[in-house]
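Reader: I have a model open and some questions about it. Can we go through it step by step?
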Amino acid sequence: MRLHPDIERVALLGWRCVPATATKKGMFSGYIDAATADLDTLERWAGEYPGCGWKVIPGGSNVWFLDVDQPGPDHAADGVAALRTLCDQHGPLPARPHGRSPSGGHLLVFRDTGAPIAPGSARLAPGLDVLAGRCCPMIPPSRRKGGSYRWSVAPWDVVPPPAPAWLLAAVAPRPVSRPPPRPAQDGVGLEQRIAGLIRTAASAAPGERNRCLYWTACRLGEAVAEGLLTERTAVALAQEAGLAAGLLPREVALTVASAMRTTMEAPRVGGR
């Protein structure tokens, strides 16, 4: 079966396409990585999957998409009103390719300029979905229940523009919050802290010695994570305390190793 002219046109623009079902799933496993702009491959797929729909993978196609939901049976949120509000606040969008879905939704196409974009649903507002990277939309001439996808403004008629700065800022990945660094401790304060830990473990009563040693080793492990001690020093101090308490060497080694492993592997969230 001959490749549909619309798919041939977007492939010539460098869009990586792949056949899909009417339920928006790829026709085969690994379809995202297999997507291509090679016309021979696309024509072969068209013959293997007659009547298939088509998806475009934004990553490697130099484009990304804003999917704007039209409220109705398929979508509760009004993406059109949400986008209008954003444009009233920040400024209009440039002329761009514009697709329509069978449910009345809108697909706006922008050029990928290399700015970081985080895909996801409702990132800007309910009813507005960012499709970038491996998040891929259906494109014309795909069909599904209710009708066909179509271009109101085709990408071969209008070159996808860069998104305005305010939109790029809104779809950028959110910064990862990091806990503030703990205040540095002077040498005297650290020595006093360590001495207290060692005393706690070394003076523990029978029946409490293992528990106290484990607790002490965990606190020393936290000092290692804070960059206040080397792991070698922390282990040696903990083992010394355990032996002073009267525990057997093997018992001490196992308890200290377990505490260190637990503490060093625990996620740090800014304090104990």
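Author: A definition to start with: two strands pair if DSSP finds at least two bridges between them. Strands (E, at least two residues) and helices (H or I, at least four) are DSSP runs, numbered from the N terminus. This is a predicted model, where local features need pLDDT of at least 70, side-chain atom pairs count only at pLDDT 80 or more, and totals for chains, interfaces and linings use all residues. Residues are numbered from 1 along each chain as its sequence is written, and side-chain values use heavy atoms, with hydrogens and water left out.

Reader: Fine. Over how many bridges do β2 and β8 pair?
Author: Strand β2, residues 53-57, pairs with β8 over two bridges, in the antiparallel sense. Within β8, Met138 stands opposite Lys55.

Reader: What is the strand order in that open sheet?
Author: The order is β1-β2-β8, three strands with antiparallel pairing. The edges are β1 (16-20) and β8 (138-139); each has a single partner strand, so one side of each has no neighbour in the sheet.

Reader: Which helix lies across β1 and β2?
Author: Helix α3, residues 39-48, which runs at about 5° to β1. Axes are lines fitted to C-alpha atoms, for helices over the stretch in contact (heavy atoms within 4.5 Å). Angles run from 0 to 180 degrees between N-to-C directions.

Reader: Switching to β5. Buried or exposed?
Author: Strand β5 (residues 106-111) has five of its six residues buried, so it is largely enclosed by the rest of the structure. Buried means under 20% relative accessible area, exposed over 50%, partly exposed in between, with a 1.4 Å probe and protein chains only.

Reader: And how many bridges join β3 to β5?
Author: Six, with β3 (residues 63-68) and β5 running antiparallel. Val68 stands opposite His106 there. On β4, residues 98-100, three bridges make an antiparallel pairing with β5, and His98 stands opposite Leu108.

Reader: What sits between β4 and β5?
Author: Five residues, and the two strands form a hairpin. Gly104 in the turn has a positive phi of about 95°.

Reader: What about Cys135?
Author: Its closest cysteine sulfur is in Cys136, 7.2 Å away, also too far for a bond. Cys135 counts as partly exposed, at 31% relative accessibility.

Note on methods: Disulfide = S-S within 2.5 Å.
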